[in-house]
Amino acid sequence: IIQLIDLQDWDWLEEVFEKHGNQLIHGGFHVLVHRWLEHLPIERLENNPRLLMLRIWALFFLNRLNLIDPLLERLEDLLDKRVAESHEDAEVALGLYSEIALIRSYMARTRSDLSSAQELTRQVLRDIDHTNIPLKSETYYGIGLDSYAHGDLESANAALTSAVEHGKMEKKHSTTLSSAGLLAWIKFVQGEMTAALEVASEARKWVNSLHQSSRRPRLISCFLNCSLAQIYREKNDLTMAQTFMQPMLPHFESGIEPGQHVLFQYTRAHIAYSKLNYDEAVTFLEDAENVIDHKRDAILFEPPSLESLHARCLIAQGNVVGAQALLERLESTSHRNPINREQSRIAIARIHLATGNPDAAMERLASLRLSVERGHHTKHLIELLALYASCLEAVGKQSEADTMLERALDLASRDMFLRLFHEEGAVVARIFHRMDKSRLPKRFVEELKELLPEPDTSPQTAAELSPGQEALVEPLSQRELEVLHLIHEGHANKAIAQRMGVAPATVKAHIRNLYGKLGVNSRTAALAEARRLGLLEPA
């Protein structure tokens, strides 16, 4: 192609683009195709329907949607004229109408006009259902997006599965990755973590097998990478989770579609939260919230409940007042997608518990539980049951708390949900170590024992508490104080684990708990607050 451009052999270049342009664009070369098309004389480009359609697809994948509408109008006028005049390319023109309808359906989604998007997509599906036009993968992906936006997860699963299958047959690499990514995201939040990992990994493996040359661009799917990051975060492999975020950073920094921007920042915030970097997590969330406020109509799907994760960060920082301020927003926000609606309702219960009102929290969770179970949203059900156990513990119903947590653990053991329990905090850890675990899978129990710190067997009495400890809402345990002093002495986590004879994960859990109790999010801040309270003075 470069040689043809140098030779200015426009006839041959047009022929190459007509034959191979679509495959190049959908194989990830949309940036180059767009650049190469600009070398053609403008009159050739604007009078060749297939090349004009290629330019539209290139702009679409470049997220330059503001440039597409005038080109679509020019293309439709050109096609109408050729069909009316029975032009020799009239048959090609008829095929391009389906591509135009498909592009228009995606444009309608950017305007939140879902009814028009659905009608256009159905029209495309009717037109191509009995033909060999290679548009089925994009069409089924559009149906999957619409179903997900309306909260119809069953239909979304079916459509996205078809999109992946047709994407492979049509060699549509980008569409296959995007479809598999959204499908994996849905399966993950539904609690089917193993199935989600298989879907995402298989799609990535298939695309990689066709992109072995280093000269080919590395295709990235926001949904797919974010899904994999969330899966490995939940499996407590934060290093692996971070590796799936790194390739997306250059795309993010150069500017990506608003919905992808929000999803990327949400996932980064979740990883930062898991690493106890609460300030960083809040920064990511606030940026995502700003994008939603200014570009909501350009987002193709309903974003996750950012306020829910924001509330967790504030509670972990000890900023209960800030978390309570989010209650009104959470109460007033309506979600069409059940996944986001459930996230929001669980967060409301979490805030009630953090503000000392476990009965109100349980009332919220009890009313939500039926819809979560009916929707088979296992991940949310696990989280709901674990939070409910904390509420029961807060009102002194230990036996019921044990039973409730056992139900959550039984569901979680099937796909090895781990991080969820660690992030519920010290109360869940206390219940876990106290309860009968004989009916749970041994491997799962051992994994959680490494992750959840065992509570002190000899907690301090009120008389033993220092004045600084009495100033805290929840005093530090003996083990947490020991960790605090070792941090003060300058020891790293690994050295602290060796001195205490525990696993590094246990040390991290102790640090997370003492951060929460001190209302800080870093070692420096913890030591400063401890000095202020006199906690580092020798006994």
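Helix α17, residues 306-316, is mostly covered, with 10 of its 11 residues buried. The model described here is predicted. The protein holds 31 helices and zero strands, and 55% of its 539 residues are buried.

**Helix α17**

- Gly318 follows α17 and has a positive phi, near 85 degrees.

**Overall dimensions and surface**

- Taken along the principal axes, the C-alpha atoms fill a box of roughly 95 × 45 × 40 Å.
- The accessible surface of the protein is about 24200 Å², and carbon and sulfur atoms account for 49% of that surface.
- Among contacts with a separation of 6 or more, 65% join residues 24 or more positions apart.

- Gly396 comes after α22, and its phi is positive, near 85 degrees.
- Helix α23 covers residues 398-413. Its 16 residues should span 22 Å at 1.5 Å a residue, and its end C-alpha atoms are 22 Å apart, which agrees.
- Buried positions in α23 include Ala401, Met404, Leu405, Ala408, Leu409, Leu411 and Ala412. Asp402, Glu406 and Ser413 are also buried there.
- The buried residues of α23 pack against α21 (358-374), α22 (378-394), α24 (419-422), α25 (426-434) and α26 (442-451).

**Nonpolar cores**

- Nonpolar side chains tend to be buried together in soluble globular proteins.
- The largest nonpolar core has 167 residues, and within it Leu405 and Phe421 touch the most other members.
- Setting aside residues up to four places away in sequence, Leu405 touches Ala386, Ala389, Phe421, Val428, Ile431, Phe432 and Met435.

**Aromatic pairs and charges over rings**

- The structure has nine aromatic pairs.
- Tyr273 and Tyr278 make a tilted pair, with 5.6 Å between centres and 55 degrees between the planes.
- Tyr273 is buried at a relative accessible area of 2%, and Tyr278 is buried at 0%.
- One aromatic cluster consists of Trp57, Phe60, Tyr106 and Tyr141.
- The charged end of Arg268 sits over the ring of Phe252, at 5.5 Å from the ring centre.
- Lys437 lies over the face of Phe432, 4.9 Å from the centre of the ring. Phe432 is also one of the residues that Leu405 touches.

The contacts below leave out neighbours within four places in sequence.

- His510 belongs to helix α30, residues 504-518. Its relative accessibility is 4%, under the 20% limit, so His510 counts as buried.
- His510 is in contact with Pro453, Glu454, Arg479, Glu480, Val483 and Met500.
- Ser147 lies in helix α8, residues 136-149. With a relative accessible area of 11%, Ser147 is buried.
- Ser147 touches Asp152, Ser155 and Ala156.
- Glu14 is in helix α2, residues 10-37. At 13% relative accessibility, Glu14 counts as buried because that value is under 20%.
- Glu14 is in contact with Leu40, Arg44, Asn48 and Leu51.
- Glu14 and Gly142 are 128 residues apart along the chain, and their C-alpha atoms are separated by 30 Å.

Conventions. Residues numbered from 1 in each chain as written. Predicted model: local features only at pLDDT ≥ 70, side-chain atom pairs only at ≥ 80, totals over all residues. Heavy atoms only, no water. Core = buried A, V, L, I, M, F, W, Y, C linked by side-chain atoms within 4.5 Å. Buried < 20%, exposed > 50% of the residue type's maximum accessible area, 1.4 Å probe, protein only. Contact = heavy atoms within 4.5 Å. Phe/Tyr/Trp six-rings, centres within 6.5 Å; stacked < 30°, edge-to-face > 60°. Lys NZ or Arg CZ within 6 Å of the ring centre and 35° of its normal. Helix = DSSP H or I, 4+ residues; strand = E, 2+ residues; numbered from the N terminus. Areas by Shrake-Rupley, 256 points an atom, 1.4 Å probe, with all protein chains shown as cover. Expected span 1.5 Å × (residues − 1).
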